[in-house]
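The following exercises ask the reader to work through a structure step by step.

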Amino acid sequence: MVLSKDFLAQAGDPTATGTGGESIWSHIASGSSSSSVPRYFEPEIRPKLKHTSRGTVSMAVAPALENHKGGCGSQFFITLADNIDYLDGKHAVFGHVVEGLDTLDKMNDVFTDQDGRPFKDIRIRHVVILDDPFPDPPGLVQPPSSPTRPPDNSTRIAEDEDPLATLPEEEEEKIRREKAAAASALTLEMVGDLPFANVRPPENVLFVCKLNSVTRDEDLELIFSRFGTIMSCQVIRDKRTGDSLQYAFIEFDKREDAEQAYFKMQNVLVDDRRIWVDFSQSRSQDYRDGAIEPLELTFWFNVVLQSCETENPTQFHVHRCILSAASPFFHDMFTLPQDPTVSHHIPVVPVSEARGILETLLQFVYPVEDPYLDSLDELVPILCAAVKYDFIGVITVLRKLLVSHRFIKSEPLRVYAIASRFELENEARIASEYTLDVQILDAPLSEDLKHITAYSYHRLLDLHRRRARDTIALLKIPPDIKCMQCNGSAFSIHMIPKWWYQFEKKAKEELCVRPTSAVIFGMQFLAQVVMDAECPRCAGSILDAWKFLEALKKGIDALPKRL
């Protein structure tokens, strides 16, 4: 359907292209062996039938083309306004809409594209003919029902679809969980932990990871047995070396017991390690039954990252595919030629990071909940490691965290130094604004300042200097600000209120060290100005000058705040 507001709505094209359709006689002849019939028929135009009222139904007339005579096919239109004289004598009127005129109002108000097609489909599902004086042509076969499928395979909004409709919160949460589960299953399939993504995991088996390498089967079984009967508990080990791979599968007799353990044991400390518990999505039973060869285990956890401790370093068994996807550094490293004589061993990669840093970094890399960082002291080494190994996604998360409210408000100078150290220009510019509230020359020394260049520090000092100069230049009082005692008489009319002398003096001192409006317009600052002015009427003068002070504050706040 094609719409033109306050003009007409044209339909009847079975191809939905605007050029399709044929007369009923041509349509009947196409299904028989009779002689060819012209596609169009000549319209029967009656001068008495005019387009004077809304809802007039007329035949659309196709223009004549090469070797084809024009005329009427199957396309028709319905007028959406009264007195459209332009159409009189050009199109054959054959009917009127006498019921459901409110539908025409709705059609007239729809949104259309540049070609006049509605963004939301309008389809005629059913029509009731109140009076048809003409007999049906011979050979006409009436379809059993109205069409239910758009013939043009349109991607537009369907006529029975509400694009703004929202599902109940419980149903949306269910759909979200199903999508998350499907994504997790696909990830496990990619890393070799599922034979295919649509396999149904057991509901009474828990997957426990981040175990300490010294944790045994008996230890876990003893800890988890308080939730119910355990059918099996196995810490998965390398069948060649016998070393723990630091994850396990625990099978309960009842699903309800597994659910209780899942809720109660999440992030619990076991052998000095906080474990992660989830419902199993794995082929753990295949491994216990011997269906998986020992070498196939290397496809699950096929590389080891070893922390830098001299005594008892921690080994993290990780996936090459995840590290490669998260880091171009590891992607390039894993594509290097390997020694074929040691291909059956899981490679161990020593790194220079301590256990805590490496564990937190991997938590950011893997698809689990991001760890909570309490301070910048925790954030900096993680950011340093992420930059070193080029973990792009982790760097993005840490950049947002660096300029979060809890860090940038309390330690803006440190945030600026960290951002400058790692060449995070946008974060450095954001932090520079917050340093305006700090006396940077009197700020305590920070280890982070050791790692920035003199250029970065000079940029910040220059911002403070220029901002102080520009704010002080705005400290000018208009002549209409009066104090009834200081300059309210004929003898002192050209003088300036005493409170302004004090305000200007103290504001310049304050702006030189903190070039921001946060302090000089505070109640404590203004109260001290009134006390130092030693004029009983100056307090009222300051209150009367609130519009001037408000404009002055806006002028200061409008000055450039960032590098």
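The model is predicted, so local features need pLDDT of at least 70, side-chain atom pairs count only at pLDDT 80 or more, and totals for chains, interfaces and linings use all residues. Residues are numbered from 1 along each chain as its sequence is written, and side-chain values use heavy atoms, with hydrogens and water left out.

**Exercise 1. The surroundings of Gln 246**

Task: determine whether Gln 246 is buried or exposed, and list what it touches.

Solution. 
- Step 1. Gln 246 belongs to strand β8, residues 244-252. Helices (H or I, at least four residues) and strands (E, at least two) are DSSP runs, numbered from the N terminus.
- Step 2. The relative accessible area of Gln 246 is 9%, so the residue is buried. Buried means under 20% relative accessible area, exposed over 50%, and partly exposed in between (1.4 Å probe, protein chains only).
- Step 3. Contact means heavy atoms within 4.5 Å. Not counting residues up to four places away in sequence, Gln 246 touches residues including Val 208, Cys 209, Lys 210, Leu 211, Asn 212 and Ser 213. Ile 236, Arg 273, Thr 314, Gln 315, Phe 316 and His 317 are also among the residues that Gln 246 touches.

**Exercise 2. Salt bridges**

Solution. 
- Step 1. A salt bridge is a side-chain nitrogen of Lys or Arg within 4 Å of a carboxyl oxygen of Asp or Glu.
- Step 2. In one of them, the side chains of Arg 54 and Asp 105 meet at 2.3 Å, N to O. Arg 54 is partly exposed at 27%, and Asp 105 is partly exposed at 37%.
- Step 3. The side chains of Glu 433 and Arg 562 also form a salt bridge, at 2.9 Å, N to O. Because Glu 433 lies in helix α14 (residues 425-434) and Arg 562 in the segment after α20 (546-557), the pair ties together parts that are 129 residues apart in sequence. Glu 433 is partly exposed at 23%, as is Arg 562 at 34%.
- Step 4. A network of salt bridges links Asp 377, Glu 411, Arg 414 and Asp 448.

**Exercise 3. The buried side of helix α5**

Task: identify which residues of α5 (residues 255-264) are buried, and what covers them.

Solution. 
- Step 1. Asp 257, Ala 258 and Ala 261 are buried in α5.
- Step 2. These residues cover an arc of only 100° around the axis, which puts them on the same side of α5. The arc is that of the directions from the helix axis to the C-beta atoms.
- Step 3. The cover over the buried residues of α5 includes β6 (205-209), α4 (217-224), β8 and β11 (276-279).

**Exercise 4. Nonpolar cores**

Task: state which residues touch the most other members of the largest nonpolar core.

Solution. 
- Step 1. A nonpolar core is a set of buried Ala, Val, Leu, Ile, Met, Phe, Trp, Tyr and Cys residues joined through side-chain atoms within 4.5 Å.
- Step 2. The largest core has 47 residues, of which Leu 305, Leu 323, Phe 391 and Leu 398 touch the most other members. Helix α10 (residues 376-388) supplies the largest share of this core, seven residues.
- Step 3. Apart from this core lies another, of 24 residues, among them Trp 499, Trp 500, Ala 507 and Phe 521.

**Exercise 5. Aromatic pairs**

Task: classify the pair Trp 499 and Trp 500 by the geometry of its rings.

Solution. 
- Step 1. Rings of Phe, Tyr and Trp (its six-membered ring) pair if their centres lie within 6.5 Å; planes under 30 degrees apart count as stacked, over 60 as edge-to-face and the rest as tilted. A search of the whole structure finds 16 aromatic pairs.
- Step 2. The ring centres of Trp 499 and Trp 500 are 5.9 Å apart and the planes stand at 90°, so the pair is edge-to-face. Trp 499 is buried at 0%, and Trp 500 is buried at 2%.
- Step 3. Trp 499, Trp 500, Phe 503, Phe 521, Phe 525 and Phe 548 form one aromatic cluster.
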